[in-house]
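I set out to look up how charged side chains pair in this model. My entries follow the order in which I checked the pairs.

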Amino acid sequence: MSIPMVDLKGQYNSIKEEICQGLLDVLESSQFILGPQGRALEREIAAYCGVRHAFGVASGTDALHLALLAAGIGAGDEVITTAFTFIATAEAIAYVGAKPVFVDIDPATFNIDVSKIEDALTPRTRAILPVHLFGQPADLESLARLCDKHNLKMIEDCAQSFGAAYGERMTGSWGDLGCFSFFPSKNLGCYGDGGMIVTDDDQLAENIQMLRNHGSRERYYHAVVGYNSRLDDMQATILRTKMKYIDTYNRLRRENAGHYSSRLDGSGVTVPFVSGDGTHVFHQYTIRVKDREKIQKALTAQGIASAIYYPVPLHQQEVFAADCAGVSLPVTEQVAKEVLSLPMYPELKEEQIDTICRTLLAAL
Ligand SMILES: *Cc1c(COP(=O)(O)O)cnc(C)c1O
């Protein structure tokens with residue numbers, strides 16, 4: 001029996017009737033773009049995140065891109081972020097003509113090390129873009145304080161943290177803008193590309209609303225150069241169905257993480273550290289191991305999937321190498337050599353986790 005990284009089919013089967021009914025309703029309504037499903041989802045997600053505004057966009061990458069534009073970040077500006085993330089985080093910064101400035105990570109949480117940010121500030125620094133990697137919130141309270149102190153914008157990359165809170169507030173609501181991805185394998189995923197931007201700021205909300213829809217407030221009147229970046233109603237109805245279960249899905253992920261850690265802790269692998277300041281939604285369950293290749297081979301031999309998120313930190317990627325000559329991020333570089341993500345999804349069974357851990361422990 002093989003165990004995949006995620007089981008989208010299993011989740012689909014469990015909610016198939018509701019999903020299909022929702023899709024049929026959209027087809028019958030023939031309202032596909034900026035229609036009632038999209039608006040309803042935006043209201044629901046704004047309420048869920050505890051902010052006043054939410055706007056569906058075409059992807060998580062677009063969410064970051066439009067958020068940076070809305071915040072007025074542009075050519076010559078610098079944006080502080082992490083190199084231990086998916087490429088889209090830094091691509092979005094490059095799209096607006098700004099420069100990503102990479103700061104090292106905390107080895108326990110894999111998130112940006114806030115204590116190292118002040119050394120990276122320059123007169124050109126305009127924003128901090130933290131990523132809540134693998135579903136665990138970055139240190140948002142310290143980040144918010146730092147942004148206040150230095151008059152910086154905060155744009156949160158919440159692509160992996162839907163439903164995660166820090167303190168009493170949801171990720172996405174701490175920054176000026178929060179950016180979500182609904183890529184199918186994310187912990188809240190649709191059946192195509194999709195994204196969402198949340199904000200509590202009326203002016204930023206107006207900017208986003210225009211930017212995602214050809215720069216127009218009113219149809220056929222265009223104030224700025226905007227984009228075609230919207231979330232369609234077919235995806236919105238799927239997401240509305242999944243929103244009913246998202247807290248359950250995240251709880252099951254946390255329980256599965258607990259099953260893993262109770263079996264693996266103390267065995268020579270480093271299990272994920274869970275900070276007490278927030279809820280971890282375990283988009284990924286990621287361990288650190290010295291002999292990663294050997295363990296991956298043993299898992300593969302038993303039909304067990306595993307993955308390396310991320311093998312090459314962004315400052316070492318070809319695309320940014322020229323800009324990052326001389327940049328050294330020792331923690332990021334070490335962590336990238338040791339991380340291994342194991343299968344993680346709400347439908348994963350405790351027996352499967354048993355099998356995975358037995359195979360892994362035997363290989364150690
Ligand atoms: C998935 C992801 C994105 C991009 O989202 P898309 O919807 O695929 O464009 C951005 N940042 C992080 C951290 C991600 O994991």
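**Notebook: salt bridges**

I looked up Arg-217 and noted that this residue is exposed, with a relative accessible area of 60%. The model is a predicted one, and I read each entry with that in mind.

I then looked for the partner of Arg-217 and found Glu-206, the two side chains meeting in a salt bridge at 2.4 Å, N to O. I recorded that this pair links distant parts of the chain, with Arg-217 in strand β10 (residues 216-218) and Glu-206 in helix α6 (residues 202-211), 11 residues apart. Glu-206 has 27% relative accessibility and therefore counts as partly exposed. I also noted a network in which salt bridges with shared partners join Arg-52, Asp-200 and Asp-202.

My next entry concerns Glu-44, which forms a salt bridge with Arg-240, the closest N and O atoms being 2.6 Å apart. This pair, too, links distant parts of the chain: Glu-44 lies in helix α2 (residues 36-49) and Arg-240 in helix α7 (residues 233-243), 196 residues apart. I found Glu-44 partly exposed at 28% relative accessibility, and Arg-240 partly exposed at 26%.

Lys-116, at 35%, counts as partly exposed. In the salt bridge between Lys-116 and Asp-113, I noted 3.4 Å between the closest N and O atoms.

Technical notes. Residues are numbered from 1 along each chain as its sequence is written. This is a predicted model: local features need pLDDT of at least 70, side-chain atom pairs count only at pLDDT 80 or more; totals for chains, interfaces and linings use all residues. Side-chain values use heavy atoms; hydrogens and water are left out. A salt bridge is a side-chain nitrogen of Lys or Arg within 4 Å of a carboxyl oxygen of Asp or Glu. Helices (H or I, at least four residues) and strands (E, at least two) are DSSP runs, numbered from the N terminus. Buried means under 20% relative accessible area, exposed over 50%, partly exposed in between (1.4 Å probe, protein chains only).
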